[in-house]
Amino acid sequence: MPVILAIESSCDETSAAICADGVMLSNVIANQTIHEAYGGVVPELASRVHQQNIVPAVQQALLNAKVNKNDIDAVAFTRGPGLLGSLLVGVSFAKAFALAKNLPLIEVNHMQAHVLAHFIGDNKPRFPFLCLTVSGGHTQIVLVKDYFDMEVIGQTLDDAAGEAMDKTSKILGLPYPGGPLIDKYARLGNADAYKFPEPQIPGLDFSFSGLKTSILYFIRDNTARNPDFVQENLNDICASVEKRIATILLNKLEKAALEYNIQDIALAGGVSANTGLRLGLQALCAKRGWNAFIPKMEYCTDNAAMIAIAGYHKYLKGDFIGQDVAPLARMPF
Ligand code: KG4
Ligand code: ZN
């Protein structure tokens, strides 16, 4: 019955989790609010705040799980992809802890972990399934054949879906990160008020940069006519943008499921917290008779629980890594 301590520090959340035999006992997430003032994550500041947060986050995770640090059997950590300075804090902590306690180390790919978050709890998809992983840095349709046998069959050619959310909110004058605010205002608006274009990209790939430009021109032109345009129509603009981003994602996901003849369809990553996307996937799966898998909110955005569950399955395979491991800003599957 392995007890695993997991560390996540790839971007701007410092997180620590404990799982025992695949059951999650705690998942502590320390958010960094310092970046709001800069309109985006400042890497140097992120790594400094990780340094402040990492020890308290681990202490709190042990406390919440009622686990003594001497009872840990292995340490799992995010090796990449992510911000190098941020990753370095988590990787260094994991290595130091494992060295001090003479424990095995388990490296985890952050993007694989987002997918494997679906194996926390009882409602698990069956292999092979499709997972749309949508975050601030990635937009991928992943064909998941086994725990660590994943293939990216579609991805963005430019901006990520979360980036499209955050850049739109910046255009609208909203603070960072804008995704959750677009979601909030969209609930109060008419999603058919404005029509934004759907990019015509062949195959299963995505593009969001054209959409961003069309939103920019739309706001610029309307604000020239009426300086209060955004203020007066914020809910409708957010609802229409959210609908377009969700339909771009879901149309490709539907195409992929038909092409690969898959009935279990999952969402992962920070943007899977989006209400319009969650409702859209449920509607699509109801229409097609497919099974929709949507993670709990706390497992959508960055968290160490997903690192812990990935670490647990690697532990079962005896897949460990040496003390000479270094973080990777880019880390393919
Ligand atoms: O996975 P994540 O926490 O971090 C990365 O690895 O990037 O994803 C963060 C992204 C941000 O772009 C944020 O705006 C977006 O997820 N996001 C949302 C919502 N919650 C987070 N986008 C739309 N609606 C939400 N409710
Ligand atoms: Zn992430």
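Trainee: Which residue follows α4, and what is its phi?

Mentor: In this predicted model, α4 is followed by glycine 173, with a positive phi near 80°.

Trainee: Which residues does the UniProt annotation "binding site" cover?

Mentor: According to that record, an unreviewed entry, they are His110, His114 and Asp302.

Trainee: How do you know that they gather at one spot?

Mentor: They span 193 residues in sequence, but no two of their C-alpha atoms are more than 8.8 Å apart, so they gather at one spot.

Trainee: Why is histidine 110 called buried?

Mentor: The cut-off is 20 or more other C-beta atoms within 10 Å. Histidine 110 has 26 C-beta neighbours inside 10 Å, and therefore counts as buried. It is found in helix α3. Leaving aside neighbours within four places in sequence, histidine 110 is in contact with Ser10, Thr78, Gly80, Pro81 and Gly82.

Trainee: What makes histidine 114 buried?

Mentor: Histidine 114 has 31 other C-beta atoms within 10 Å, so it is buried by that cut-off. It too is found in helix α3. Not counting residues up to four places away in sequence, histidine 114 touches Thr133, Ser135, Ala268, Gly269 and Met306.

Trainee: Which domains does the assignment give?

Mentor: Domain 1 is 3-115 + 302-317, and domain 2 is 124-299. Their C-alpha centres lie 27 Å apart.

Trainee: How do you know that the two domains are in contact?

Mentor: Two residues are in contact if their C-beta atoms lie within 7 Å. Between the domains, 14 residues of domain 1 are in contact with 17 residues of domain 2. On the domain 1 side, the elements that give two or more residues are α3 (110-116) and α9 (305-317). The largest share of that side, 4 residues, comes from α3.

Technical notes:
Residues numbered from 1 in each chain as written. Chains lettered and ligands numbered in written order. Predicted model: local features only at pLDDT ≥ 70, side-chain atom pairs only at ≥ 80, totals over all residues. Domains from an automatic or database assignment. UniProt positions renumbered as here; feature names shortened; annotations may be inferred. Buried ≥ 20, exposed ≤ 12 C-beta atoms within 10 Å, placed from the backbone.
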